[in-house]
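Subject: Structure for you to look at

Dear colleague,

I am passing on the structure we spoke about, together with some notes on what was found in it. Please have the sequence and the model open while you read.

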Amino acid sequence: MDFAVYYDNQRKLIENFLETRMAKKGISKVDDAMAYSLLAGGKRIRPVLLMATAEALGKKGYNYLPVACGLEMIHTYSLIHDDLPCMDDDDYRRGRLTNHKVFGEAMAVLAGDGLLTLAFEVMLEQKNVESAVLIEVVREMAMCAGNYGMVGGQGLDLEAEGKEISAEELRKLHAGKTGALFIGAVRGGAHLAGATDEQLLALTKFADLLGLAFQITDDILDVEGDAEAMGKPVGSDAKNQKSTYVSLYSLEGAKALAAKTVDEALQCLEIFGDKADALREITKLMCNRKN
Ligand code: GRG
């Protein structure tokens, strides 16, 4: 497979869906603030992952654009809120000024709230899936996004501020903050495509390991990445005195752990044969990325 072409095509489908859906306006300027961050590019890795998972099970990924793009809305809301002065207080994201820098803090909070809410409306617009399956997918997405998952992980992150935490605590924090949406993406695609219990188990383990490898890479990029390629400043973890995989394991140790985690993630895909090639390429790309 020519993965560059595949990824480009998937991203175009996602961009097109998001632009079309955002053209349906609400009643206020919150829409402009929502669209500003949502339509600012980004890797779109979570929706691509959902679609590629469905393809590993022999289904067409583009059939699940509403659920996939709803997940991207949840992710974008989390970035807007994470950048706020009361959280990480960042000025740049996806190569442009952060939402609150352009629209002000109150509007940025609402833009995040609006995207989180719209995400569930859009996911439930998914057609050609049994209602019971869609309900289970959306329920799991809510769990992954909320206090059992991403919001919970962000809570642990706040509690850890200014403290040194153990490797186990760091893993738990990131399994929530970063990993849960990867699990939502992969399990979402798996449920929609009718995965068996055995397939679901392998894919869940894969997603957990991919989320971990992605996070370790994020910590490495914050040390040795290029700010222009990243679309945001580097060095923010050190500035905020955060425990990271680099601070815990050293740069070389973190790189070795990322490589080992990628290998383990790829092993989980063996039972899917060639059909999982896109998932394999995504895994490698996520850990060799520059942004
Ligand atoms: C505010 C509830 C709440 C949660 C915030 C997303 C998040 C949780 C924090 C962002 C801080 C951070 C750097 C997390 C590490 C991994 C991560 C989620 C990176 C950003 O995702 P990418 O790289 O971004 O997929 P793009 O812009 O490509 O979509």
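Predicted model: local features only at pLDDT ≥ 70, side-chain atom pairs only at ≥ 80, totals over all residues.

**The ligand site**

Which residues come nearest to the ligand? Of the 19 residues around the ligand, the nearest are Lys43, Arg46, His75, Ser78 and Arg94. For three of these residues I can give a distance between polar atoms: a side-chain N or O atom of Lys43 is 2.6 Å from an oxygen atom of the ligand, the corresponding value for Arg46 is 2.8 Å, and a polar atom in the side chain of Arg94 also lies 2.8 Å from a ligand oxygen. The ligand, taken alone, would expose 700 Å², and of that area the protein buries 91%.

Several helices build the shell around the ligand, with at least two residues supplied by each of α3 (45–56), α4 (65–83), α8 (150–160), α9 (167–192) and α10 (197–224). The largest share comes from α4, which provides 6 residues. Sorted by class, the shell is made up of 6 nonpolar, 7 polar and 6 charged residues.

**Salt bridges**

The count of salt bridges in the model comes to 20, and three of them are described here. In one of them, the side chains of Glu15 and Arg44 meet with an N to O distance of 2.7 Å. This pair links distant parts of the chain, since Glu15 sits in helix α1 (residues 3–22) while Arg44 is in the loop between α2 (30–38) and α3, 29 residues apart. Glu15 and Arg44 are both buried. They also belong to a network of salt bridges that links Glu15, Arg44, Glu72 and Arg94, and Arg94 is one of the residues that come nearest to the ligand.

Another salt bridge joins the side chains of Glu224 and Lys255, at 3.0 Å from N to O. Because Glu224 belongs to helix α10 and Lys255 to helix α14 (residues 251–267), this pair ties together parts that are 31 residues apart in sequence.

**Two backbone angles**

Most residues other than glycine have a negative phi, and with that in mind two residues deserve a careful look. Arg44, already mentioned for its salt bridge with Glu15, has a positive phi of about 60° although it is not a glycine. Asn128 also has a positive phi of about 60° without being a glycine. Arg44 is found in the loop between α2 and α3, whereas Asn128 lies in the loop between α6 (105–123) and α7 (131–145).

**A side chain in α15**

Helix α15 also holds Thr283, which counts as buried at 1% relative accessibility. A polar atom of the Thr283 side chain lies 2.7 Å from the backbone oxygen of Leu279.

**A nonpolar surface patch**

Leu97 has its place in strand β2 (residues 96–97). Patches of this kind take in residues with over 30% relative accessible area and no salt bridge, and Leu97, being partly exposed at 35%, is above that accessibility cut-off.

With best wishes

Methods:
Residues numbered from 1 in each chain as written. Heavy atoms only, no water. Near = heavy atom within 4 Å. Polar contact = N/O pair within 3.5 Å; in protein donor to acceptor, adjacent residues only side chain to side chain. Areas by Shrake-Rupley, 256 points an atom, 1.4 Å probe, with all protein chains shown as cover. Helix = DSSP H or I, 4+ residues; strand = E, 2+ residues; numbered from the N terminus. Nonpolar A, V, L, I, M, F, W, Y, C, P; charged D, E, K, R; others polar. Buried < 20%, exposed > 50% of the residue type's maximum accessible area, 1.4 Å probe, protein only. Salt bridge = Lys/Arg side-chain N within 4 Å of Asp/Glu carboxyl O.
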